[in-house]
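Please look through the sequence and the model before reading on.

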Amino acid sequence: MLVKIIFLFLLAMVLVALIGRAFFPSSLPRVMRKRAGAPRCQKCGRYLIGTKTCDCGGGTK
Ligand SMILES: [Zn+2]
């Protein structure tokens with residue numbers, strides 16, 4: 001009996017999540033969204049984390 005209730009609860013949560021995603025795609029958490037891309041050096045392509053300029057002299061833009 002208890003298992004049934006838990007199962008129904010989980011099912012309801014999944015439904016709510018699906019409906020929420022269908023109606024509000026922009027409100028997805030960041031992790032689930034496709035990232036536009038981390039900032040990278042235009043010259044060598046290294047990721048620039050916490051800095052705007054690269055060791056090679058290139059920048060993000
Ligand atoms: Zn670079």
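## The model

The model is predicted, so local features need pLDDT of at least 70 and side-chain atom pairs count only at pLDDT 80 or more, while totals for chains, interfaces and linings use all residues. Residues are numbered from 1 along each chain as its sequence is written.

## Overall make-up

The protein chain has one helix and zero strands. Helices (H or I, at least four residues) and strands (E, at least two) are DSSP runs, numbered from the N terminus.

Of the 61 residues in the protein chain, 0% are buried. A residue is buried if 20 or more other C-beta atoms lie within 10 Å of its own, exposed if 12 or fewer, and partly exposed in between; the C-beta atoms are placed from the backbone.

## Helix 1

Helix 1 has 22 residues, which at 1.5 Å a residue should span 32 Å, and its end C-alpha atoms are 32 Å apart, in agreement. The expected span of a helix is 1.5 Å times one less than its number of residues.

## Ile-49

Ile-49 is found in the segment after helix 1 (2-23). Ile-49 counts as exposed because it has 8 C-beta neighbours inside 10 Å. Pro-39 is ten residues from Ile-49 along the chain, and their C-alpha atoms are separated by 7.2 Å.

Cys-54 lies in the segment after helix 1. Cys-54 is partly exposed because 19 other C-beta atoms are within 10 Å. From Cys-54 to Cys-44 the distance is 8.6 Å in space, C-alpha to C-alpha, and ten residues in sequence.

Cys-56 is also found in the segment after helix 1. Cys-56 counts as exposed because it has 12 C-beta neighbours inside 10 Å. Leaving aside neighbours within four places in sequence, Cys-56 is in contact (C-beta atoms, placed from the backbone, within 7 Å) with Cys-41, Lys-43 and Cys-44. Between Cys-56 and Cys-41 there are 8.7 Å in space, C-alpha to C-alpha, and the two are 15 residues apart in sequence.

Terms used: Contact = placed C-beta atoms within 7 Å.
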